[in-house]
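Please read them with the structure open beside you.

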Amino acid sequence: MRLFLAIPVDKQILDALAGAADKLRETRGPVRWVRPEGMHLTLKFLGDTEPDQVPPLVEAVSGVTSKVMPFPISVTGAGAYPKLRSPRVLWAGVVENSGTLKRLVKSIEEETEKFGWEREKREFSPHITIGRVKGNMNIARLITAMKEMKEEHWGDQEAGEVVLYSSELKPGGAVYEKVHVFGLGERD
């Protein structure tokens, strides 16, 4: 099974991001949009994982999340990877000023590495993916619309849990299922 660890996004933020995606759709850019129920803040993509790896993974991540108290995050701004001039991934930014989010990700990286998962080579850049660009048609219109959203504030929430999700790729897009929920500041 394909697994990843993420912080779920509150409904009011998902609704705001769905509204943003609707506006961006008007550009008729070549984008495969992420359904609101599929939006999340990825902390660590684990990839293909054998079922017998899940219990020790849950134990290790539980040890990390139990030491982190819930913290506020703000979903603000919009941009693209690798850059707005040549977008491939459209995203909404996530801001967390205390450093708790980056420390959480660093601890997860350290713990999962002990069990054979490779460390992410890129620096952690917190974001919520809203779409993936699949061509160049109407790209200038899409870029202009994204620039107009650069300063938008989509909402605030408390990050209170980390979820271990499984991801199954289907013709209509990825389908996510919760495998385990880790409450921040709680021990299973």
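**Notes on the predicted model**

1. Phe4, Tyr165 and Tyr176 form one aromatic cluster, where rings of Phe, Tyr and Trp (its six-membered ring) are taken to pair if their centres lie within 6.5 Å. The model is a predicted one, in which local features need pLDDT of at least 70 and side-chain atom pairs count only at pLDDT 80 or more, while totals for chains, interfaces and linings use all residues. Residues are numbered from 1 along each chain as its sequence is written, and side-chain values use heavy atoms, with hydrogens and water left out.

2. Searching the whole structure gives 4 aromatic pairs. One of them joins Phe4 and Tyr176 edge-to-face, at 5.1 Å centre to centre and with 80° between the planes (planes under 30 degrees apart count as stacked, over 60 as edge-to-face and the rest as tilted). This pair links distant parts of the chain, since Phe4 lies in strand 1 (residues 2-8) and Tyr176 in strand 9 (residues 173-183), 172 residues apart; strands (E, at least two residues) and helices (H or I, at least four) are DSSP runs numbered from the N terminus. Phe4 is buried at a relative accessible area of 4%, whereas Tyr176, at 30%, is partly exposed (buried means under 20%, exposed over 50%, partly exposed in between, with a 1.4 Å probe and protein chains only).

3. Trp154 belongs to strand 7 (residues 153-159) and counts as buried, with 11% relative accessibility. Beyond its neighbours within four places in sequence, Trp154 is in contact (heavy atoms within 4.5 Å) with residues including Gln12, Ile13, Ala16, Val75 and Met149.

4. The backbone has some points to check by eye. Most residues other than glycine have a negative phi, and most peptide bonds are trans. Tyr81 and Pro82 are joined by a cis peptide bond, with omega about 0°, and Pro82 sits in strand 4 (residues 71-83). Arg28, although not a glycine, has a positive phi of about 60°; Arg28 is in the loop between helix 1 (11-25) and strand 2 (31-33) and is exposed at 62% relative accessibility. Asn138 also has a positive phi, near 60°, and is placed in the loop between strand 6 (127-133) and helix 4 (139-148), where Asn138 is partly exposed with a relative accessible area of 26%.
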